[in-house]
Each structure stands twice: as C-alpha cells, then as structure tokens.
Amino acid sequence: MTNGNSGGTGAGHEQVPGRQRRRFPGISSRAYEHPADRSALVALRKLTGFDTVFKALSGLLPERSLRLLFLSDSVRVSDAQFAHLNDMLRDACYILDLEKVPPMYVTQDPKPNAMCIGLDEPIIVVTTGLVELLDEEEMRAVVGHEVGHALSGHSVYRTILLFLTNLALKVAWIPLGNVAIMAIVTALREWFRKSELSADRAGLLVGQDLQASMRGLMKIAGGNHLHEMNVDAFLAQAEEYEAGGDLRDSVLKILNVLPRSHPFTTVRAAELKKWSETRDYQRIMDGHYPRREDDGDTSVTDSFRQSASSYAENVRNSKDPLMKLVSDIAGGAGDLGGKLRGKFTGGGSAGGGPSDGDGGSGPSDAK
C-alpha cells in the first residue's frame, strides 16, 4: 500500500497498490487544473455567495433522488463489496490528500462510464462496463480522475449541467425557452470538456503510470482488444485529427464536439502525454506545487491571464487549418481572401502560390 492505511482487501484481491507512489500533502487542485478550467472555477469561486445560491437550488435539482437511486439500485463500494475498488478509492484520496472519502457506487450499465456528481457532497459512480473493461492500473487512473473532480469541486457544476440538459429536453416545445437553456448548457459543456483534461491529470498523479492512463483511454475508444492496438499509433490519430483536412473539416470538428461533455479520446490521450512531459508535472512530482491553504489568495486576473496565454499558445502551435488561419491573421498575414479559398478547398491560394493548408485528410463519452 502507499502508506499501509488504505484499508483491508477483499478475498481474491491482492493488496493495492503493488508499489510505492508519491503522495501530495495539502495539494491544491490548481496544481493540475487545465488553465481554462482553472480560470473559470476561480472566477466562480470568487463570486460572493455563488455556491450558496446554487446549493439553495438543491430542492429543484434531482440530487436527493439520484442519491436514493444509487443507494437502492446500485452496489455501494466498501470493504465488503468491490473491495479492490474501495482500496483504490481510499488510496487515491490519500495521495491527493482528500480528507473525506466520497461514497462510490457501481451501477449496471454495459457502457464504460464514470462520473462525480453532487451538490452538498460528491459521490462517484462507475459502470460495470468500465469495471469489466479496465485492468487494475487503468482503473486506478479512472478512480484518481474522479477523485480529482471531487477535489476541484467539479461535482457541483456537473450536477447542474445534468439538470439543465434534462430541463432543456422538457422545455424544448416552449419557443425560445430551449434556446436560452441550451446557451448555458453549451457554455457549461465547454468548461466541462476542459475539466475532463484536468481530471485526467489528477488520474495520472494518482496512478503515476502514464502507460496505464494511455491504455485506459485506448480501451474506452476501441474496447478490450489491447493486442490489436498500439499507443503510438493511437496518439498519431490525434495528430492526424488535429492537422488533417481544410477549413471545412475544422468547422465539422467544432460541430461534432459541441454536444459532447467530454473531449474526444485521442485528444485526451495526446493532451495528457503532452502535460506529462512538462516542467509543471515534474515539479509536482518533485513536491513543488500550489497548496490548498493558499487558494484564498488566488488572483482571478492571474488565472485569466494564464488561461488567455494557454489559448494563445494553443493557437500558435496548433496544426488545425482554422487555428493556423487565425494565427496567420493575428500575425498580419496578407491575402486573406486567397488564404480562405485555399483553406476551404485544400488547394493553393489565389495567384497560383503554394497552399497554406496541410495535404492530409482528417478522420465514447466516458469518464
């Protein structure tokens, strides 16, 4: 065990984890949060009474109903049930220094999925499809992912997103009613997709096994056929997805991702690998990270500046045709009309010059 106090193990399960893992006492979620996720959360947390107002809505939100549903129709993880998951959960909370271990349920659903929801207190739910799909180390990354959501306070906003999504379906017949709600839902989904990248990082900090994290994402995309898959080839798909096609493909990518609460799996894998190679990750592993005790001193302005800097860097470094065009325009590139024609057709720019577009072609909502 990491520290020997992660609890007992059930019959038939070896003690977990099987190796020493670094612990992060007092770690703030700011240490692993994606800049866009972090700036949004810092701004929300700084609004006086924001969480109080949302929690006051608990009578309208289906949280109590959800808790009763999982309690009555799912299996609660404990020393007596799914003991190996209980060990992983307690160990993940120990590593990220989350004092109160959230309740965790396994629910019957063949679709591999997991979520952290709740307004007053987070609860973690994993499906049987996910438990049966992943091996021990892959599952540990998922449990760490959900504990990361809990530490970041994502469960509050995730619950609101679920509620508003269901509400939008119920008021779809009201003129303009659905439009107003879907505008909020779309904004929350954009935030939540970034929060998933944050939680993937938390999963890596808990599992401390990049290959296991990569395998887990690969299995979510392609099922339990590891002998037929390859991590490097999987990551190459993400690069092809980003760089391939013309502006039409860029627009289609945006339209494809808008209704999703999670980023595409290959994109998540590429983002996590990229973060694992940064100095920020290495500093955390060396014990240098933001502390929870300093969260109150966090500057909203600094967080937004970091977020803007991150987006600007992503635009500069992106191989996506639309992002490259945005970067060119920002850099004062000329012949905008020609560039647009070339990008949309995949051909050369006006005047017979070489094309600015890449010649390549472009190609589950879990955890």
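Thr128 is buried, at a relative accessible area of 13%. Buried here means under 20% relative accessible area; exposed is over 50%, and partly exposed lies in between, with a 1.4 Å probe and protein chains only. Keep in mind that this is a predicted model: local features need pLDDT of at least 70, side-chain atom pairs count only at pLDDT 80 or more, and totals for chains, interfaces and linings use all residues. Residues are numbered from 1 along each chain as its sequence is written, and side-chain values use heavy atoms, with hydrogens and water left out.

Back to Thr128. This residue sits in helix α5, residues 128-133. Helices are DSSP runs of H or I, at least four residues, and strands are runs of E, at least two, numbered from the N terminus. What does Thr128 touch, leaving aside its neighbours within four places in sequence? Val106, Thr107, Gln108, Asp109 and Pro110. Contact means heavy atoms within 4.5 Å. With Gln108 there is a side-chain to side-chain polar contact, at 3.5 Å. That term covers a pair of N or O atoms within 3.5 Å; within protein, one must be able to donate a hydrogen and the other to accept it, and residues adjacent in sequence count only if both atoms are side-chain atoms. Pro110 is 18 residues from Thr128 along the chain, yet their C-alpha atoms are separated by 6.1 Å.

Next, helix α6. It is largely enclosed by the rest of the structure, because 16 of its 17 residues are buried. Its end C-alpha atoms are 24 Å apart, which agrees with the 24 Å that 17 residues should span at 1.5 Å a residue. The expected span is 1.5 Å times one less than the number of residues. At the start of α6, a side-chain oxygen of Asp135 comes within 3.1 Å of the backbone nitrogen of Glu137. Just after the helix, Gly153 has a positive phi of about 80 degrees.

Inside α6, residues 136-152, look at His149. It is buried, at 2%. Its side chain makes a 2.7 Å polar contact with the side chain of Glu196. Beyond four places in sequence, its contacts include Phe192, Ser195, Ala199 and Cys116.
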